[in-house]
Amino acid sequence: MSDFDRWLGDELERLTARSLHRSLRRVDSAQGIEVVVDGRTLVNFSSNDYLGLAADERLCAAASAAIGKFGVGSGSARLICGNLAPHADLENALARFKGTEAALSFASGYAAALGTIPSLVGPEDVVILDKLSHACLVDAARLSGATLRVFPHNHLEKLERLLRWVRETRPKARVLVVTESVFSMDGDVAPLREIVELKDRFGAWLFLDEAHALGVLGPQGRGLAAELRLASRVDVQMATLGKALGSAGGAICGSARLVDFLINRARSFIFSTAPPPAAAAAAREAVRLLESGAMEPAREQLWENIRALGGRVGETMPQSAILPVLIGEELSTLRVAERLRDAGYWVGAIRFPTVGRGQARLRIVTNSMHTVAQIVNVSNEIRIAQKE
Ligand SMILES: *Cc1c(COP(=O)(O)O)cnc(C)c1O
C-alpha cells in the first residue's frame, strides 16, 4: 500500500469510528415521492424538490425544447460565447419574480455565494454571519479574506453589538451581514425585518440566502424578502434553482448595477462554463409556473402537509418545509434513520460537519405531493424508531 493510500485509509477509518463516514446511495428513478433506492421503493422525506417540479412534465418539455434549439452544452463561459437566450430569459424572469432590477445566474448556489461575497468585501472589511449559515456562505466569507464575526443563531442583540463594535473600531470598513431566510438544517426563519433595520442603522449591507424560501414563502413563493415587502432593502438576494424550482443552478438578484459589477468581478461566474441551456430553460419554466399562480394549489397542499406533519412530530409548528428532529448522538441518529428506511421511509440523517458535533438530527422534508397516509405513517414510524 502506498503512503497515499494508507493516509486515505486512516482518515476514512477515523470518520467511521466517529459515525461520521458518509456514502452515496444510488437512486434508480426520477425525483418524486416514491424513489427506487438499492432496489427498494422508499417514500421520500428528504428531497428539497418541495413542489415536485424536478420531474414535472412541463419542466421536462421546456428542457427538451431548449436542447432541441440550443443543444446540450453552452460551449464556453457566458462572457466568451456562452450567453444563450435561455440564460437571459431566466434572469429577466427571476428579477421580475424577486422584485429586483436584475438577476445573474450561476452554475450552482454554491458558486453564486463563492463568486459574490469575495467580490463585495476584502481583507480590510468585515463579514458578520449567522452561526447556522450554510457552508457555501462560510467558505465564501473565508475566501474573501475579510475579518469574520459570527452571531449566535438569530440573535439580534449580539448582531447589534457586533455592528457597533465594527463601526467603533473600523469606521471605514465595508460590512456585510450574511444570513438565510429559512435555515437549511433547522427550518426556522430569520427575523429579517429587524436585521434590515439594524444593517441600515449601522450602514452595513445585507446578503440574504433565500435557498429554502423560494417557492415556499411569500406571495406565489417569491421568498421571505417579498413576504415582508423588504425586497428593495435587501442589498443582495441569493436564490437556488435546484430546490423548489426543480432544476439546477443558483442566482443573485439585486440592482442592475450589482449584476453589472458581478459580471465583471465574480470569479465563479467569469471563469466557469455557462450552465446548460436546458437547466436554465427548466428553471425559467418553474418561475413562470409560480408567477402565473399555476403552482398555488401545490403550495397550499405543501403548507397543509407541513402543518399535518408538524402537528404530529416536534414541539413547535414548522416555519418551513424542513422539520428537524434533534437526536444528538451521531450513531443513534444513523440507527433511527436506518430503522425508518427498513420501514420504507427515506429521511435524512444529518451529522457533523453539516451541523455541530453532537447536534445530529433527522431532517424531515415535507413535499406537496405527500399523502395524508404517508405523513401519518412516517410520524408513527419516527415515534417508534426514537423509542427503540
Ligand atoms: C442548497 C443550499 C445552497 C447551495 O445551493 P446549490 O445550488 O445546491 O449549490 C446554498 N445555501 C443554502 C442555504 C442551501 O440550502
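**Exercise 1. Helices α13 and α15**

Task: In this predicted model, find how α13 and α15 pack, and which residues make the contact.

Solution. 
- Locate the helices. α13 covers residues 296–312, and α15 covers residues 372–387.
- Take the geometry. The axes lie 10 Å apart, at an angle of about 25 degrees.
- Classify the angle. Angles under 35 degrees count as roughly parallel, so α13 is roughly parallel to α15.
- The crossing of α13 past α15 is right-handed.
- List the contact. α13 supplies N305, A308, L309 and R312. α15 supplies I375, V376, V378, S379 and R383.
- Sort by class. The contact of α13 with α15 has five nonpolar, two polar and two charged residues.

**Exercise 2. Helices α4 and α12**

Task: Describe the packing of α4 against α12, then sort the contact residues by class.

Solution. 
- Locate the helices. α4 runs over residues 85–98, and α12 over residues 277–292.
- Take the geometry. Their axes are 8 Å apart, and the packing angle is about 30 degrees.
- Classify the angle. The cut-off for roughly parallel is under 35 degrees, and α4 and α12 are therefore roughly parallel to each other.
- α4 passes α12 in a left-handed crossing.
- List the contact. From α4 come P86, H87, D89, L90, A93, L94, R96 and F97. They meet P277, A280, A281, A283, R284, V287, L290 and E291 of α12.
- Sort by class. The contact of α4 with α12 holds 11 nonpolar residues, one polar and four charged.

**Exercise 3. Helices α5 and α6**

Task: Work out the geometry of the α5 and α6 pair, and name the residues in contact.

Solution. 
- Locate the helices. α5 spans residues 109–120, and α6 spans residues 135–144.
- Take the geometry. The axes come within 8 Å and cross at roughly 30 degrees.
- Classify the angle. That makes α5 roughly parallel to α6.
- α5 and α6 cross in a right-handed way.
- List the contact. On α5 the residues are G109, Y110, A113, L114, I117 and P118. On α6 they are C136, L137, D139, A140, A141, L143 and S144.
- Sort by class. The contact of α5 with α6 divides into 10 nonpolar, two polar and one charged.

**Exercise 4. Backbone exceptions**

Task: Find the cis peptide bond and the positive phi, and place each in its loop.

Solution. 
- Recall the background. Most residues other than glycine have a negative phi, and most peptide bonds are trans.
- Check omega. The bond from F352 to P353 is cis, with omega near 5 degrees.
- The loop between β12 (348–350) and β13 (360–365) holds P353.
- Check phi. S19 is not a glycine, yet its phi is positive, about 60 degrees.
- S19 sits in the loop between α1 (3–17) and β1 (34–37).

Notes:
Residues numbered from 1 in each chain as written. Predicted model: local features only at pLDDT ≥ 70, side-chain atom pairs only at ≥ 80, totals over all residues. Heavy atoms only, no water. Axes fitted to C-alpha atoms, helices over the stretch in contact; angles between N-to-C directions. Helix = DSSP H or I, 4+ residues; strand = E, 2+ residues; numbered from the N terminus. Parallel < 35°, antiparallel > 145°, perpendicular 65-115°, else oblique. Left-handed = near helix turned anticlockwise from the far one by under 90°. Contact = heavy atoms within 4.5 Å. Nonpolar A, V, L, I, M, F, W, Y, C, P; charged D, E, K, R; others polar.
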